[in-house]
Amino acid sequence: MDTVAGMAAPEIHRYVTDNGLRVVLAPDTTSPVVGVSVHYDVGFRSEPEGRTGFAHLFEHLMFQGSESLEKLAHFRHIQGSGGTFNGSTHPDYTDYFEVLPSAALERALFLEADRMRAPKLTEENLANQIDVVKEEIRLNVLNRPYGGFPWILLPPVLYDTFPNAHNGYGDFVDLEQASVEDCAEFFDTYYTPANAVLTVAGDLDIERTTALIDKHFGDVPVRPAPQRRSFAEPLPTEDRHDTHQDPHAPLPALAVGYRMPDPINELDGYLANIVLASVLADGDGSRLQQRLVHADALVSDISAGAGLFGPFEARDPDTFAVTAIHPAEVSEQRVLAALDDELDTLAATPPNDEELAKVTARWTANLHAEHDRLVSRTLGYGSLELLYGQPELLFELPARIASVTADDVSAAAKALREGSRAVLTVEPSAQEGAQ
Amino acid sequence: MTVNAGNRSADEIGRTPQGPRPLPELGEQRKVADLAVADTELSNGLRVLAVRKASVPTVELRMRIPFGGTDPMHSARAEVLAETLLTGTATRDRVAIDTELALIGGELGTAVDPERLVVSGSALSSGLPTLLDVLADALTGATYADAEVARERDRLVERLAVARTQPGVIAREALQRRRYGDHPATREVPQAEDVAQVTPEDVRALHQASVLPRGSVLVLVGDIDPDAVVGQVEGALRGWSAGASATPLAEVPDITGGDLHLIARPGSVQSQLRLSAQAIGRTDPRYAALQLANLAFGGYFSSRLVENIREDKGYTYGAQSSFDFTGQAATLIVSADTASEVTAAALLETRYELGRLGLVSPTDAELESVRQYAIGSLLISTSSQGGLASQLAALANAGLDADWLAKHPDRLADVTADQVADAALEFFAPTKFTGVVVGDPDVVGTGLAALGGVVAP
């Protein structure tokens with residue numbers, strides 16, 4: 001199927017190993033490099049109460065050694081083979097990945113299999129990584145303006161239940177209480193092969209790679225995948241508001257959060273929200289940029305998006321968010337009124353064909369750019385297999401985006417206006433802003 | 001919950017009946033295919049470097065225009081120019097530019113620093129004629145309408161207020177002043193009060209005097225025919241000409257070692273350590289050896305610095321050492337952000353590792369690891385159109401070309417242990433470094449004073 005002009009849908013092989021590991025293989029020999037990723041079906045929405053930040057802390061621990069690998073060995077073997085690596089924790093999954101010269105493929109599979117089979121979870125490594133994670137939080141949240149805006153600050157306003165509302169980076173108090181026993185239980189529950197997706201993309205041979213996967217992952221013990229929890233919670237019934245004091249921020253900011261259609265089970269409605277976000281805020285010709293940034297000069301910057309970490313990152317419930325930074329002289333009410341007005345306009349009169357054509361063309365080009373970067377291609381296949389069971393969706397998206405109609409976008413705008421929303425205000429609180 | 005959940009201890013999880021397994025050997029590495037390249041100077045003096053890389057049907061564009069200036073208002077004017085270059089021409093307004101680009105899946109963006117004005121973009125390769133047409137229109141006919149300049153100037157003032165609260169920006173600005181005093185190279189972020197004074201006439205005059213093809217470079221990488229593209233560019237940019245050359249930044253002086261300056265940021269929970277020493281540029285025969293020495297010190301995760309202050313001590317989330325290129329000059333910058341309580345201890349360890357690199361040379365294992373990493377990570381970063389375009393633009397800026405890039409893996413492969421040891425001893429000596437610490441003096445002051453070599457604010 002030729003879903004995107006100029007690029008045939010690539011070859012994708014999928015299978016499930018005897019111990020339940022889902023495998024995606026996507027050969028493409030354009031460059032002699034290969035990407036390997038493992039996605040585990042657990043993110044920070046699954047962490048227990050009293051253990052905020054645990055999923056992310058555990059991600060750090062997975063790099064700290066396993067039965068065949070001393071502390072630091074994982075990093076040294078990847079980088080000493082010419083490769084790069086990382087891991088990241090999302091609301092509904094945690095990924096681990098490396099990109100390497102293709103000569104190092106077997107080594108990467110070995111490293112991922114070893115920590116899936118037998119990670120070393122020790123007191124010493126746990127204490128060290130709690131310190132490192134606290135530094136990460138100081139760097140990204142506590143010591144900078146707009147830290148955690150909006151991904152930490154907005155969910156507790158829009159959501160009521162612990163999984164959806166809590167801070168995924170974690171409170172220091174909770175992090176410090178994490179124990180090795182917690183780690184063991186978390187690993188045994190969630191890090192089973194049956195709860196994971198292994199993706200290999202790039203310069204690979206299918207037959208050889210399949211044999212290598214069998215060799216290295218074949219004896220990872222079978223453990224059942226946990227029953228997946230629903231994180232569904234009722235829609236808010238009235239508008240909500242909260243204020244956050246930011247000692248580093250020089251200007252006020254606001255985030256407006258809305259509930260959205262289920263990204264998995266109502267994909268068409270979800271896609272309409274993605275197109276809506278683009279019509280609202282992508283590029284100088286978009287509606288909010290034209291109106292709020294330029295014509296009315298209400299905000300210095302504004303953005304809109306499906307998902308707090310980008311689209312196709314989470315299951316239901318997911319958030320549509322609009323964020324803006326504005327001068328203190330402009331009231332929040334004026335910004336919100338202009339936003340409401342633009343949504344009302346779209347709800348009453350659907351966008352024109354050119355607006356939709358722009359969205360489709362930019363999505364198509366972005367898809368190509370993403371496909372061209374092996375790390376994002378590998379992670380894209382892995383997360384879509386995990387969330388949708390459809391890695392090939394990556395290539396169908398431009399066509400799916402193109403099939404969203406003007407009326408669909410209009411209906412999405414109307415739904416945002418009719419639902420209840422959450423508004424989070426960031427207020428500069430300090431001394432520092434005046435400098 | 002499953003029946004097995006929580007049944008095993010951490011100790012049981014960490015071992016199997018079979019026990020530890022051996023690390024697989026590396027296989028044979030396939031070579032990269034040769035690239036089709038055109039590298040030529042147009043009649044207007046613009047260097048065009050075009051490379052065919054048809055992995056996807058798109059094209060990446062990078063243009064670098066030397067943009068030095070000594071007037072104290074230069075950086076403020078340059079910043080406003082960059083923000084308004086793509087906001088209107090005689091035939092297109094801001095929205096029309098965005099619409100035309102969007103319809104070819106395209107983007108164009110600008111950035112400016114003391115050395116250069118950069119225009120970066122991409123599009124579906126079928127849209128390249130439009131991309132070049134919009135670019136040419138802006139380069140030859142940007143109008144800098146009064147209203148656009150006024151609005152972008154106001155936004156810039158707001159954004160500068162935000163930028164100057166970022167610890168990273170504060171630390172970079174302080175380091176530049178510590179290294180270069182009031183040299184124009186230090187004016188990376190203009191002052192808001194200067195920006196507020198910039199007029200549309202100032203911006204138009206700066207464009208006229210400084211947005212010039214001679215000495216500039218345009219890099220195109222993608223699903224293109226390099227030779228045909230040169231002709232396309234020549235045609236599209238024929239109206240862009242001038243006798244004068246674009247203005248390079250005045251060369252920066254060599255930096256000398258000295259005390260670190262403590263910069264006060266009261267109430268901060270973390271400090272920024274920034275140390276810097278003179279290095280050598282890519283054209284020096286010792287460059288590859290110094291590149292490997294730098295990786296071993298702090299240039300990648302498996303380096304001595306990261307393994308010490310992050311993985312052993314937990315003082316930092318990220319520490320790194322990297323090259324900073326300015327004109328033909330190069331320096332090393334060592335940086336780490338650490339909790340206030342351990343700032344002095346982190347500086348102590350950093351100095352220890354600087355001294356150790358020269359005195360206890362990288363082992364054979366360390367050398368082979370950084371060698372593989374340097375070669376492999378270059379292969380990975382240049383395996384995408386965007387990565388290759390950015391890499392080539394940086395090289396072109398230093399007068400180098402695609403051939404230099406293609407031969408660099410061989411240079412890295414040929415470096416000897418002695419060459420790395422010599423580079424480490426010469427360039428990483430602790431006394432060669434100067435720098436800054438940004439933090440809360442009430443918390444970090446006593447420890448830093450005890451350690452010495454740090455001047456209080």
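This is a predicted model: local features need pLDDT of at least 70, side-chain atom pairs count only at pLDDT 80 or more; totals for chains, interfaces and linings use all residues.
Residues are numbered from 1 along each chain as its sequence is written, with chains lettered from A and ligands numbered from 1 in the order in which they are written. Local features need pLDDT of at least 70 and side-chain atom pairs count only at pLDDT 80 or more, whereas totals for chains, interfaces and linings use all residues.

In chain A, six strands form an open sheet of mixed pairing, in the order β1-β2-β6-β3-β5-β4. Strands are DSSP runs of E of at least two residues, and helices are runs of H or I of at least four, numbered from the N terminus; two strands pair if DSSP finds at least two bridges between them. The edge strands of chain A, β1 (13-16) and β4 (84-89), each pair on one side only. Strands β2 (residues 22-27) and β6 (residues 196-202) of chain A run parallel and are joined by six bridges; A:Val24 stands opposite A:Thr199 in β6(A).

Helix α9 (residues 206-217) of chain A lies across β1, β2 and β6 of chain A, at about 150° to β2(A). Angles run from 0 to 180 degrees between N-to-C directions, with axes fitted to C-alpha atoms, for helices over the stretch in contact. Contact requires C-beta atoms, placed from the backbone, within 7 Å. From chain B, helix α13 (residues 364-381) lies across β3 (33-40), β4 and β5 (94-101) of chain A, at about 105° to β5(A).

Definitions and conventions: Two residues are in contact if their C-beta atoms, placed from the backbone, lie within 7 Å.
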